[in-house]
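Please look at the sequence and the structure below before reading on.

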Amino acid sequence: MKNKLLLFILLIPIICLFVWNCFLWYDKDSGTEITVRISGYDPRDLLSGHYIRYTIDWNKTDLQQFEDKNFTKDDFVDSLNKSSYRFYVSETHAKYLDKLLMESWDTKEEDKKIVEVVYSYKNGKHPIAKKLLVNGQPYQKII
Amino acid sequence: MKISKKELEKLNKEGLITSQQVEDIISYYQTNTDNNKLWKRLFVIAGLLIALGIILVIGANWSLIPNFLKISIDFVLFLALVYADYYFITNNKKNLSEVFLVISFFMIAGTIGLIAQVYNLDGGWFSFARFWMFLAIPFVLLSKTFLINILWLLLLFNSFPESFYTWLHDIYSYFVSTLLPFSKSYNISIFCILLYLLLEFLQYFGKSIYIKFDKKIVVLKAFSILAQLTKYWTLCAIALQRNAIDIIFIFCLLAYKLYINYKNRKDKCFRNYAILAEVYIIYLFVSAYGNLLFTGIGFIMGGILLLVSIYVLRKVLSYMKKLGVNN
């Protein structure tokens, strides 16, 4: 009995993490997809791995998609309550993406690569970033 | 050591064991305790290295493996670790169970980090620390590794929301500017003294409960030590203030500590506090004077005072030894 209790106590953290993961997985797969234009930079964090920290460029985002899907840009912003977001990328891709985003500051408007993030959005839930697109394609393909 | 030195000497005096046997028993326990400590430390270091390695591998964010597989591998590894914890605890393999508990403690952080990577979450440090702290409770309660317990306590203090620290600051401001009727400098002194007394209580509280639970819950010891360290830090703040109330408080405190250690015949602690009192007096001398001449006089007087104190201290210590010392 004591041993079973010990095993149960040890399993609690895994159960919590697993349930959390399942909820996130469900939200990611069942939400409505929204694509937003981004601009940003790439600081590195040893514990979190490599990620792009970006801001959403609302001026260049197609706002029509929000109206079609029955929610507004403000709902999206308020639910995150932040001005910059993260997208995690692999160590091997981080350098290229960093360069790409930095270069986009200096290049002419018509030559700039279009960098977008696809979000999965459900009303009342935090939007989950699903994909990073460069010129409409997943970034892994471009690299 | 399982048996005290005093008891062995008593047995020797009674003629139950010889002096040689006393020495043999002491050296046997000494060697075994030292060896056990060394092995335990090496096991914990190995566990830390493996755990940090896992976190870095997760941090690299392997692009070749799909997200689903990444998460699955992580959970399978975590399950294996938990089973290892369970197996070694139930089979009473203390060192190995410590290694796996240390790895499991960090594995929680790794798994949270991995989930954050896969779903691109950015909850910030506070929520990460809070989540890690809650999930790590089972491993911390079972682990006897002091480092993990201290780390967990630091996580606990980091997991409070930012508003908690604003609230603490508000209490401090209320004390300093509204509640206490003296000048701001005196109010800060009183606040620091009250904080010191609170920390003294918390240290005592943590230590007594740790002893009450047969020294099994190491986190209580860690809590007590953390309170002790914060207490010393507060004491430094009090010493640096140099208001009359601070000086009186420190002298009263030192006198009390000297008296208690003298009463309990703890000559090492008594000597340390006596040295601390001398250092404090010299500090007061030096800081009281501003220019080179007076600071020089302060140093000379401090030096003379130190010599006198050493003489008195040596006399007191030899007197204490005569009465019978208990370290």
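## The model

This is a predicted model, in which local features need pLDDT of at least 70, side-chain atom pairs count only at pLDDT 80 or more, and totals for chains, interfaces and linings use all residues. Residues are numbered from 1 along each chain as its sequence is written, chains are lettered from A in the order in which they are written, and side-chain values use heavy atoms, without hydrogens and water.

## Chain A

Chain A has five helices and seven strands (DSSP runs, H or I of at least four residues for helices and E of at least two for strands, numbered from the N terminus). Of its 143 residues, 42% are buried, meaning under 20% relative accessible area with a 1.4 Å probe, protein chains only.

## A contact between chains

## Nonpolar cores

A nonpolar core is a set of buried Ala, Val, Leu, Ile, Met, Phe, Trp, Tyr and Cys residues joined through side-chain atoms within 4.5 Å. The largest has 48 residues, and F78(B) and W152(B) are among those touching the most other members. Helix 4 of chain B gives the most to this core, 13 residues. A second, separate core of 23 residues includes I56(A) and W58(A).

Note on methods: Buried < 20%, exposed > 50% of the residue type's maximum accessible area, 1.4 Å probe, protein only.
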